[in-house]
Amino acid sequence: MARRPTAFLTALIFLVSVLKPSLVVTASTAGIPDCQPIVAGDTDRIQFALNLEFLEAEFFLSGATGSGLDSIAPSLAKGGPPPIGARKAKLDPLVARIIEEFGYQEVGHLRAIITRIGGIPRPQLDLSVQNFAKVFDDAVGFKLIPPFDPYADTNRYLLASYVIPYVGLVGYVGTIPNLGKATSRSLVASLLSVEAGQDAVIRTLLYERTNQTVRPYNLTVAEFTNRISGLRNRLGACGIKDEGILVPLSLGAENRTNSNILAADPNSLSYARTPPEILRIVYGSGSEHKRGGFFPNGGGGEIAKRFLPKAN
């Protein structure tokens, strides 16, 4: 039976994978990253969240069933293009059932937002092996050989799942205080509750695998989560708002545990992110003005479009 990491090793993993990447200077067409709340109405704020809901729906549905949103509720896509590279993953029966349920939940989220607020066309999404491979290369700081394939097995799919839902979760936390209508706050609070549950399940499944080496790489599950969180902190460029499943005691709940199944601040309150921070992360560019990553043509809705260069 594998031994639990020592406090020193845990601290070392965290410092190398989270704190050090945060020191890397990233180029941004906007100069110093803006970490302040944006000005926007309720409709635009909630429609912005559709970008993440589409991303999660397509990844979960395809990973579990081999088919995406167009096979379940095509009208919700509003004529937007199908995702690039999504496919069925090789999952164990338990995880396959969980991910399938998550996919159907995301369909419900899309329907709830579109019915109550109005929709946007599904943006072009890149869920290809090549895109995930780049994300994981950027996270670990070197080129993984062979390229990281999120669809190859359960562990790699769970790590790829770790990349996505948490970004939507902290986005909802950042959205609620800025909503003006009680009906808007109620809707987003209900969405947040389920997103938080999904993230907790994914992190718990990964925590059960903490010390497992992710084959064929010489990195454990815990190391991968810390590297991914470090990458998101670096791209978001607004401090540490993301932590892996193992942290030093100084960052654990009440400084008494190095387990970190639920990422939270020193008072165990959720972190929050603004739309520009989220775009920097999902574009993989560190700039809300430079499209790419999971959204090769940029995000949909008025908020995402306002940050993209205007066409001549």
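Start with Ala 237, which is partly exposed, at a relative accessible area of 27%. This is a predicted model, and in it Ala 237 has a positive phi of about 60° although it is not a glycine. Ala 237 belongs to the loop between H8 and helix H9, residues 275-282.

That loop between H8 and H9 also holds Ser 268. Again the residue is not a glycine, and again phi is positive: Ser 268 has a value of about 60°. With a relative accessibility of 44%, Ser 268 is partly exposed.

Next, the cis peptide bonds. One runs from Ile 145 to Pro 146, with omega near -5°. Pro 146 sits in the loop between H4 and helix H5, which covers 154-163. Another cis peptide bond joins Arg 215 to Pro 216, where omega is about 10°. Pro 216 is in the loop between helix H7, residues 182-207, and H8.

A word on the chain as a whole. Its secondary structure consists of 10 helices and 0 strands. There are 312 residues, and 55% of them are buried. If you take contacts between residues at least 6 apart in sequence, 75% of those contacts join residues at least 24 apart. The accessible surface is about 13500 Å², and carbon and sulfur atoms account for 57% of that.

How do H4 and H8 cross? Their axes come within 8 Å, at an angle of roughly 90°, with H8 spanning residues 221-236. H4 is therefore roughly perpendicular to H8. On the H4 side, the contact is made by Val 135, Phe 136, Asp 138, Ala 139 and Val 140. H8 contributes Phe 224, Arg 227, Ile 228, Leu 231 and Arg 234. Sorted by class, that contact of H4 with H8 has 7 nonpolar residues, 3 charged ones and no polar ones.

Asp 138 has another partner. It forms a salt bridge with Lys 134, and the closest N and O atoms are 2.9 Å apart. Both residues lie in helix H4, 4 residues apart, or about one turn of the helix.

The structure has 9 salt bridges in total. One of them brings together the side chains of Asp 70 and Arg 122, at 3.1 Å from N to O. This pair links distant parts of the chain, since the two residues are 52 apart. Asp 70 is in the loop between helix H2 (42-65) and helix H3 (93-116), while Arg 122 is in the loop between H3 and helix H4 (129-140). Which residues make up the salt-bridge network here? Glu 58, Asp 70 and Arg 122 are linked in it.

The last pair is Asp 153 and Arg 156, a salt bridge whose closest N and O atoms are 2.9 Å apart. Asp 153 has a relative accessibility of 23%, so it counts as partly exposed. Arg 156, at 11%, counts as buried, because the cut-off is under 20%.

That's what I have; questions are welcome.

Terms used
Residues numbered from 1 in each chain as written. Predicted model: local features only at pLDDT ≥ 70, side-chain atom pairs only at ≥ 80, totals over all residues. Heavy atoms only, no water. Salt bridge = Lys/Arg side-chain N within 4 Å of Asp/Glu carboxyl O. Buried < 20%, exposed > 50% of the residue type's maximum accessible area, 1.4 Å probe, protein only. Contact = heavy atoms within 4.5 Å. Areas by Shrake-Rupley, 256 points an atom, 1.4 Å probe, with all protein chains shown as cover. Axes fitted to C-alpha atoms, helices over the stretch in contact; angles between N-to-C directions. Parallel < 35°, antiparallel > 145°, perpendicular 65-115°, else oblique. Nonpolar A, V, L, I, M, F, W, Y, C, P; charged D, E, K, R; others polar.
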